[in-house]
Amino acid sequence: KEAFDSYIESRDLKPITERGYKQKMDCYLPDWHNKRLADINQTMILKRQREITSRSPAQANYTMRLMRALFNFAKAEYKSSEGRSLFPENPVDVLSEKRSWNKVKRKTTRLRQSQLEPFLEALNKVRDEATSYRQNDRVAFCDYIEFVMFTGLRKMELLQLPWSQVFMEDKLYLLKDTKNGEDVEFPVTTKLVEIFERRKKYKVSPYVFGKATGKGWLTEPKKTLAKICELAGVQITLHDLRRTFTSIAESNGVSGYRLKRLLNHLTDQSDVTARYTILTAEELREPAQHVASKI
């Protein structure tokens, strides 16, 4: 646990990443907190990985990647008086040697074309009902879910979007310090104009998807999304909306650098051309509007 705390302190991690690491430590490795790192061997790694796999193969992989990172950190951080590492071997390497990493299938779920209209109708119905009952947080959640659907952006990058980064006169908004570490401009399409205008009427904090209590922004839209899915007769997650946007964009001719930028994907550093391709909100406006119109 001391090594883990030092590892966290030494890294400039985003809050959501740090929370994820701590969740792995507390959920899957609580009985190891007070163990010496040097006492954790390959046999223990294999046994713990199998135990976690029985609950969730994906979480087993994530937890073991964290352990691997922790040992790599210890290898460089903790050395003898002669300058030799106290941890020359990484016991997690046994998973690669024995080919024990879990093969987790990538999710492919998204809204099919026939499900788009029922989903949007259900979303409008839930929002209208919430408006009539003055359930302002649910109205905001509906706006947020619709925003994700029409942009394909990541959950946390949008939830904490402040009004100070929205420029309606220029029809663009700015996401700062995103997952790939960059500040990125995005265009405001006609659908987003509707959402931003509605959010202004409900403004209760410095954030677009604001909340009057807590930190000032919404946290978890699962309940609202579940209600919409129930009415629409579909079963999807928020990330499935990102896949939906991507699929519609790709099938309608938006590809290459523009699609990567719209999704805020990190470009491969080996791609020299990408380093010279600077796409502003203005260059992204036409493809973003095209996808929104298709939806």
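I began with contacts along the chain of this predicted model, and I noted that, among contacts in the protein with a separation of 6 or more, residues 24 or more positions apart account for 61%.

Next I looked up the overall make-up: I found 14 helices and 3 strands in the protein, and I saw that its C-alpha atoms fill a box of roughly 65 × 45 × 35 Å along the principal axes.

Which residues touch the most other members of the largest nonpolar core? I wrote down F119, I145, M149, Y173, F196 and L241, in a core that has 55 residues. Helix 7, residues 136-151, gives this core its largest share, with 9 residues. I also noted another core that lies apart from it and has 26 residues, including Y7, I8, I52 and F73.

Helix 3 (residues 42-53) packs against helix 4 (residues 57-77) at an angle of about 150°, and their axes are 7 Å apart. Because angles over 145 degrees count as roughly antiparallel, I recorded helix 3 as roughly antiparallel to helix 4. I45, R48, Q49, I52 and T53 in helix 3 meet residues of helix 4 that include P57, M64 and M67.

Technical notes:
Residues are numbered from 1 along each chain as its sequence is written. This is a predicted model: local features need pLDDT of at least 70, side-chain atom pairs count only at pLDDT 80 or more; totals for chains, interfaces and linings use all residues. Side-chain values use heavy atoms; hydrogens and water are left out. Axes are lines fitted to C-alpha atoms, for helices over the stretch in contact, and angles run from 0 to 180 degrees between N-to-C directions. Helices (H or I, at least four residues) and strands (E, at least two) are DSSP runs, numbered from the N terminus. Angles under 35 degrees count as roughly parallel, over 145 as roughly antiparallel, 65 to 115 as roughly perpendicular and the rest as oblique. Contact means heavy atoms within 4.5 Å. A nonpolar core is a set of buried Ala, Val, Leu, Ile, Met, Phe, Trp, Tyr and Cys residues joined through side-chain atoms within 4.5 Å. Buried means under 20% relative accessible area, exposed over 50%, partly exposed in between (1.4 Å probe, protein chains only).
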